Amino acid sequence: MDFLFPLLILALLVPMFFGIRKQKREAEKVSSMQEGLKVGDQVITTSGLYGTVVDLDDTTVDLEIAEDVVTTWLRQAIREVRAEEQAAEETTTTATDAPVEESADQTETRLTKD
């Protein structure tokens, strides 16, 4: 009975200790990724915006989110750097999706439907 209380405390503290270590490791990983950003990296922000790094300073990152559209973000808002293969794969699939031509009858039906 004398060993039950210390064993219970130990059983509660050990998982908490490992959880804190895992959180710290993840925070270091994200911090090193944000510090290692360079011009030309394709990134995703914490809000889900895709962009390309065009300029950097100590606290902010300028992202090009569309052609000639540049926005400024805090470095902490960058969630991940996209892999080059992943980014190239997405641009390839969007480039090969050609628009579908519709016939004159389809256009007329679409325009007069309402």
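Three helices and five strands make up the secondary structure of this chain, and the model you are looking at is a predicted one. Read from the N terminus, the elements follow the order α-β-β-β-β-β-α-α. The chain has 114 residues, and 15% of them count as buried. As for contacts between residues at least 6 apart in sequence, 36% of them join residues at least 24 apart.

Let's start with helix H1, which covers residues 4-35 and includes Met16. Met16 also belongs to a nonpolar surface patch of about 490 Å², which it makes together with Phe5, Ile9, Leu13 and Ile20. How accessible is Met16? Its relative accessible area is 47%, so Met16 is partly exposed.

Now turn to the strands. They form an open sheet of five, in the order S4-S3-S2-S1-S5, with antiparallel pairing. Which strands stand at the edges? They are S4 and strand S5 (78-81); each has a single partner strand, so one side of each is left without a neighbour in the sheet. On average, neighbouring strands of this sheet are turned by 45° against each other, direction ignored.

Within the sheet, you can follow two hairpins one after the other. Strand S2 (residues 50-56) and S3 form a hairpin with three residues between them. These two strands pair in the antiparallel sense over four bridges, and here you will find Thr52 opposite Glu64 in S3.

Val61 has Trp73 in S4 as its bridge partner, and Ala66 stands opposite Val69 in S4.

Asp68 lies in the loop between strand S3 (60-66) and strand S4 (69-74). Most residues other than glycine have a negative phi. Is Asp68 buried or exposed? With a relative accessible area of 69%, Asp68 is exposed, because the cut-off for that class is over 50%.

Finally, look at the charged side chains. How many salt bridges does a search of the whole structure find? The search finds two. In one of them, the side chains of Lys38 and Asp41 meet at 3.2 Å, N to O. Asp41 has a relative accessibility of 8% and therefore counts as buried; the limit for that class is under 20%.

The other salt bridge brings together the side chains of Arg79 and Glu80, at 3.8 Å from N to O. Arg79, at 42% relative accessibility, counts as partly exposed, and so does Glu80, at 32%. For this pair, you can look along the edge strand S5 (78-81).

Definitions and conventions: Residues are numbered from 1 along each chain as its sequence is written. This is a predicted model: local features need pLDDT of at least 70, side-chain atom pairs count only at pLDDT 80 or more; totals for chains, interfaces and linings use all residues. Side-chain values use heavy atoms; hydrogens and water are left out. Buried means under 20% relative accessible area, exposed over 50%, partly exposed in between (1.4 Å probe, protein chains only). Patches are made of residues with over 30% relative accessible area and no salt bridge: like charges are joined within 9 Å, nonpolar side chains (Val, Leu, Ile, Met, Phe, Trp, Tyr) within 5 Å. Accessible areas come from the Shrake-Rupley method with a 1.4 Å probe; for residues, only the protein chains shown count as cover. A salt bridge is a side-chain nitrogen of Lys or Arg within 4 Å of a carboxyl oxygen of Asp or Glu. Contact means heavy atoms within 4.5 Å. Two strands pair if DSSP finds at least two bridges between them. Axes are lines fitted to C-alpha atoms, for helices over the stretch in contact, and angles run from 0 to 180 degrees between N-to-C directions.
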